[in-house]
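Colleague: Thanks for sitting down with me. Could you walk me through this one, starting with how you sort side chains by exposure?

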Amino acid sequence: MWSPNGSVRKYSLCNDPAETDRYEIAVKRDPAGRGGSVDLVDHVAAGDRLEIAAPRNAFDLAPKAPSFVFIAGGIGITPIMSMMRTLNGDGRRYRLVYLTRSREHTAFAAELEDDAFRGKVLVHHDEGDPQRSYDLWPVLEKPSPAHVYCCGPRPLLEAVRDMTGHWPQSAIHFESFVDAGAAAKADDKPFVVRLARSGERITVAPGMSILEAMRAHGHDAPSSCESGTCGTCRASLLEGEADHRDMVLMDDEKDRQIMICVSRALTPEIAIDR
Ligand code: FES
């Protein structure tokens with residue numbers, strides 16, 4: 001979606017996909033962000049027309065899963081609202097653990113009290129106090145045939161990933177609502193990525209992803225989430241050691257593959273099959 005100031009941002013659709021006459025989004029105004037949400041919230045009014053691109057789905061419901069565990073942090077509830085509304089229509093079971101700071105910071109608080117969600121939703125407020133964080137271990141301790149979907153800030157995703165190592169990894173799904181910059185670290189160093197097909201060597205500066213560096217040099221590559229959660233940008237790692245920062249790769253894939261939207265290099269140079 002293009003904001004009035006020309007910035008382009010991706011937002012999750014929240015409504016039931018069966019509703020084909022409109023798209024519903026929820027945007028958290030984030031003064032600490034890059035400006036897209038503030039511009040949208042402050043400068044768009046009812047009746048305005050905005051330019052959008054066609055929706056893409058990198059976080060889809062497993063069609064054959066018998067049941068679902070949803071874990072949402074903050075505005076990460078948005079894609080999960082759409083999923084739950086779908087499931088309310090087809091009768092499959094789910095439960096939601098929704099973690100927010102307070103009721104004032106809880107999107108869809110009133111909707112989630114509707115009969116359609118009764119008995120399926122647990123909303124926990126920590127009031128900004130880490131001591132009051134919700135303990136997800138009892139939810140995830142015993143693997144089941146359910147699929148787990150988690151959307152929220154990166155620390156929540158990492159906590160759920162750490163608690164689901166004993167689940168079938170194909171049943172664990174992540175989406176981050178922040179961009180690849182959230183995976184950056186203050187001590188990131190530049191490194192070189194060699195594109196094996198052409199032999200071109202490209203320097204990846206701190207604060208830039210391999211994907212962005214490739215694009216800056218005229219090479220395109222498929223991508224979708226650009227936050228290390230969907231798997232679209234997967235590339236073969238041919239040489240060097242990767243600093244994996246994605247939520248997708250299994251341990252036994254990490255020697256040979258890399259998600260180029262977020263991951264970096266531990267060696268001064270890596271080579272990928274691009
Ligand atoms: S584009 Fe989704 S993991 Fe890289």
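Modeller: Happy to! Buried means under 20% relative accessible area, exposed means over 50%, and partly exposed lies in between. Please keep in mind that this is a predicted model.

Colleague: Good. With a relative accessible area of 33%, which class does Arg-215 fall into?

Modeller: The limits are under 20% for buried and over 50% for exposed. The 33% of Arg-215 lies between them, so the residue is partly exposed.

Colleague: And Arg-215 has a salt bridge with Asp-220, so how far apart are the closest N and O atoms?

Modeller: A salt bridge needs a Lys or Arg side-chain nitrogen within 4 Å of a carboxyl oxygen of Asp or Glu. Asp-220 is exposed, with a relative accessible area of 64%. Its closest approach to Arg-215 meets the cut-off, the N and O atoms being 3.5 Å apart.

Colleague: Which residue forms a salt bridge with Asp-251?

Modeller: Asp-251 itself counts as exposed, at 65% relative accessibility. The closest N and O atoms of the pair are 3.4 Å apart, and the partner is Lys-254.

Colleague: Now the bridge between Asp-188 and Arg-245: are the two residues buried or exposed?

Modeller: Their side chains meet at 2.8 Å, N to O. The pair links distant parts of the chain, 57 residues apart: Asp-188 is in the loop between β5 and β6, and Arg-245 in the loop between β9 and β10. Asp-188 has a relative accessible area of 11%. Arg-245 has 7%, and with the limit at under 20% both residues are buried.

Colleague: How many salt bridges does the count come to?

Modeller: Besides those pairs, there is a network of salt bridges that links Glu-19, Arg-22, Glu-24 and Arg-85. By the 4 Å rule, the count comes to 20.

Colleague: Let's turn to the strands. How many residues of β4 are buried?

Modeller: Take the two faces of β4 in turn. On one side His-147, Tyr-149 and Cys-151 are buried, and on the other Val-148, Cys-150 and Gly-152 are buried too. For the strand, residues 147-152, the number buried is six of six.

Colleague: Which residue stands opposite Tyr-149 of β4?

Modeller: Strand β1, residues 67-73, pairs with β4 in the parallel sense over five bridges. The residue that stands opposite Tyr-149 is Phe-70.

Colleague: What is the handedness of the crossover from β4 to β5?

Modeller: These two strands run parallel, joined by five bridges. Gly-152 has Ser-176 in β5 as its bridge partner. The chain passes from β4 through helix α4, residues 154-163, to β5, and this β-α-β crossover is right-handed.

Colleague: Which residues does Ser-3 touch, leaving out those up to four places away in sequence?

Modeller: Ser-3 sits in the segment before α1, residues 36-43. Its relative accessible area is 4%, so it is buried. The residues that it touches are Gly-36, Asp-39 and Leu-40.

Colleague: Finally, the whole chain: what is its radius of gyration?

Modeller: The secondary structure comes to five helices and twelve strands. The globule rule gives 19 Å for 274 residues, and the chain comes close to that, so it is as compact as a globular protein of that length, with a radius of gyration of 20 Å.

Key
Residues are numbered from 1 along each chain as its sequence is written. This is a predicted model: local features need pLDDT of at least 70, side-chain atom pairs count only at pLDDT 80 or more; totals for chains, interfaces and linings use all residues. Side-chain values use heavy atoms; hydrogens and water are left out. Helices (H or I, at least four residues) and strands (E, at least two) are DSSP runs, numbered from the N terminus. Buried means under 20% relative accessible area, exposed over 50%, partly exposed in between (1.4 Å probe, protein chains only). Contact means heavy atoms within 4.5 Å. Two strands pair if DSSP finds at least two bridges between them. A crossover is right-handed if, with the strands pointing away from the viewer, the path from the first strand over the helix to the second runs clockwise. The radius of gyration is taken over C-alpha atoms; the globule rule is 2.2 Å times the number of residues to the power 0.38.
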